Amino acid sequence: MYTLTYESTAVKTLTSAEMESLLEKARTHNKSENITGCLIYYKGKFVQLLEGDKKKVQELYDRIVEDPRHKKVTLFSEDEIANRTFPNWGMAYYPMDDEHPNKYELEQFKRNLILLSDLIEPTNLTAKHFWIKTKTMIAEPPK
Ligand SMILES: Cc1cc2nc3c(=O)[nH]c(=O)nc-3n(C[C@H](O)[C@H](O)[C@H](O)COP(=O)(O)O)c2cc1C
């Protein structure tokens, strides 16, 4: 098996409806291809980890790179793996965007995500890089 993680910048702020539709398609497709992973969306930036059969993951990544909804797609880690980090998630999603009504809720989301990253044991270097990138991203003060 194989895993990769990349970061990218949203071309425009996605509404929750647009995000829902993206996720619905992603989850259906990933399930049929036995691909799992996690997608973080925070302040116009994406970080995503994908895992599964190498050829299938690379094919999906090639498609994702071409997606006009984001730009500056940068792969920052990949690995051959024996076990999945997100075995039960077709695509886990953390919607930490500007739609959250107040600062308290946003802080709560950040805390939950950090908690999650502590609970989910990264079993490979790419998963470690994914969490480091995520934590760095949410630590940045809002612009
Ligand atoms: C940030 C981001 C993450 C995405 N993640 C996935 C994914 O995990 N699985 C998936 O099938 N499509 C994902 N997509 C959508 C694909 O880019 C593409 O639209 C989808 O696979 C349908 O491709 P098609 O129109 O060529 O059939 C993602 C798109 C973006 C912008």
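**Figure 1. Residue E24 on helix α1.** In this predicted model, E24 is exposed, because 11 other C-beta atoms lie within 10 Å of its own, and the classes used here call a residue buried if 20 or more other C-beta atoms lie within 10 Å of its own, exposed if 12 or fewer, and partly exposed in between, with C-beta atoms placed from the backbone. E24 is found in helix α1, where helices (H or I, at least four residues) and strands (E, at least two) are DSSP runs, numbered from the N terminus. Although E24 and M91 are 67 residues apart in sequence, their C-alpha atoms are 9.3 Å apart in space. Residues are numbered from 1 along each chain as its sequence is written. Since this is a predicted model, local features need pLDDT of at least 70 and side-chain atom pairs count only at pLDDT 80 or more, while totals for chains, interfaces and linings use all residues.

**Figure 2. Residue S16, also in helix α1.** S16 lies in helix α1 and is exposed, with 10 other C-beta atoms within 10 Å. The C-alpha atoms of S16 and H70 are separated by 16 Å, and these two residues are 54 residues apart along the chain.

**Figure 3. The shell around the ligand.** The ligand is surrounded by 15 residues, of which the closest are A26, H29, F46, D67 and R69; a residue is near a molecule or strand if its C-beta atom, placed from the backbone, lies within 6 Å of it. Two or more residues of this shell come from each of the elements α1 (16-33), β3 (45-52) and α2 (54-65), and α1 gives the most, with five residues. By residue class, the shell divides into seven nonpolar, four polar and four charged residues, where Ala, Val, Leu, Ile, Met, Phe, Trp, Tyr, Cys and Pro count as nonpolar, Asp, Glu, Lys and Arg as charged, and the others, Gly among them, as polar.

Figure 4. V11 lies in the loop between β1 (2-10) and α1, and with 13 C-beta neighbours inside 10 Å it counts as partly exposed. Not counting residues up to four places away in sequence, V11 touches P68, R69, H70 and K71, where two residues are in contact if their C-beta atoms, placed from the backbone, lie within 7 Å. The C-alpha atoms of V11 and E80 are separated by 31 Å, and the two residues are 69 residues apart along the chain.

Figure 5. Most residues other than glycine have a negative phi. N34 is partly exposed, with 14 other C-beta atoms within 10 Å, and K43 is partly exposed, with 15 other C-beta atoms within 10 Å.

**Figure 6. Residue N88 in the loop between β4 and β5.** The place of N88 is in the loop between β4 (70-80) and β5 (92-96), where N88 is exposed, with 7 other C-beta atoms within 10 Å. N88 and T13 are 75 residues apart in sequence, and their C-alpha atoms are 28 Å apart in space.

**Figure 7. Helix α3 and the chain around it.** Helix α3 (residues 103-119) has 17 residues and reaches 24 Å from its first C-alpha to its last, close to the 24 Å expected at 1.5 Å a residue, an expected span that is 1.5 Å times one less than the number of residues. Of the 17 residues of α3, the number buried is zero, so this helix lies largely in the open. In the protein, 27% of the 143 residues count as buried. The secondary structure of the protein comes to four helices and five strands, and from the N terminus on, its elements run β-α-β-β-α-β-β-α-α.
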